[in-house]
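Trainee: Could you take a close look at one part of this model with me? I would like to hear about the sheet and what surrounds it.

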Amino acid sequence: MSNILETPSDRLLEAVRSLLTAKGHMTTEDIAERIRITDGGSPAQGARMVARAWTDPDYKALMLRDGTMAAEAMAIPMRGLPPLGVLEDTDEVHNLVVCTLCSCYPRAVLGYPPFWFKSAAYRARAVRDPRGLLGEWGTVLPDGMKLRVVDSTADYRWMVLPRRPTGTEGWSAEQLAAIVREGDMIGVTLPAIG
Amino acid sequence: MFAPGTQVRVKNDWPELRGPCHIRTPHYVRGETGVVVRHLGDFPNPEDLAFARPAAVRPLYHVRFDPKPFWPEGAAPDELVIEIFDHWLEAA
């Protein structure tokens, strides 16, 4: 038997898939379904939720109360996934999400985490020097705005509902969704026009 | 159970020193005092799940800390909110 650390990852993956089905934990159809759902996660999904929250007060209230239900209301599959919590940016508070322990991330609504989200540097600096970190992203908070860092350590997954930029009055939800980026929903950047 | 607004202290416990474990409480808040924001729900204890042991369902809270005392030298956030399980908290 070869060293597991030196085994090619595709062979390990095939072994795990075979064991899952052989032991009756999942069928090959279940695995295909999970892959399809995982691949369907992307920042565009979260952006649709943000844009709707900016244009529909009832939806915004639902999103802040129960992010999982709000995602499902946009036909985003959430079954079997950790609950989604939504952190609202206001005139007084800016939210920044990190997982200092690993890389917990709301994949159903934001997709795969960006590489830097998993880096030791981001994870350490987000709690220790977040204003310096935001500065490197070009994100400067107004004087007096409270910076709240949310360390995603356990069973919830968190996304930020950023503030709607000025100058977008009258825009449709589709136009608004197009300006919401991944970083805006993590809290490292702010939505901007153009 | 802890009501929102309750002052709590994170236990100053280091199971890492006693053997293999899987802990969802970051080192930097062990022994620190914070305030319960709200009860998020009840979840199987990840410390048992990680080892495929039967896992009791435990309350999970959002707890708010003033992080400045942890890292006085940096531009610390104004507040830090962390998910912490009930069995890591004691009334402060």
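Mentor: Happy to! A word on terms to begin: helices (H or I, at least four residues) and strands (E, at least two) are DSSP runs, numbered from the N terminus. Counted that way in this predicted model, chain A has ten helices and four strands, and along the sequence they follow the pattern α-α-α-α-α-β-β-α-α-α-β-β-α-α.

Seven strands form an open sheet with mixed pairing, in the order 2(A)-3(A)-4(B)-3(B)-2(B)-1(B)-5(B). At its edges are strand 2 (93–98) of chain A and strand 5 (89–91) of chain B, each of which pairs on one side only. From one strand to the next, the twist averages 35 degrees.

Let's look at where the two chains join. Here strand 3 (residues 146–151) of chain A runs parallel to strand 4 (residues 79–85) of chain B, and four bridges pair them. Within this pairing, A:V149 stands opposite B:L80. Helix 7 (residues 120–128) of chain A packs on the sheet, where this helix touches strand 2 and strand 3 of chain A as well as strand 4 of chain B. The direction of helix 7 makes about 150 degrees with that of strand 2 of chain A. In general, strands of a sheet pair through backbone hydrogen bonds, either parallel or antiparallel.

Among contacts in chain A with a separation of 6 or more, 65% come from residues 24 or more positions apart.

Definitions and conventions:
Residues are numbered from 1 along each chain as its sequence is written. Chains are lettered from A and ligands numbered from 1 in the order in which they are written. This is a predicted model: local features need pLDDT of at least 70, side-chain atom pairs count only at pLDDT 80 or more; totals for chains, interfaces and linings use all residues. Side-chain values use heavy atoms; hydrogens and water are left out. Two strands pair if DSSP finds at least two bridges between them. Axes are lines fitted to C-alpha atoms, for helices over the stretch in contact, and angles run from 0 to 180 degrees between N-to-C directions. Contact means heavy atoms within 4.5 Å.
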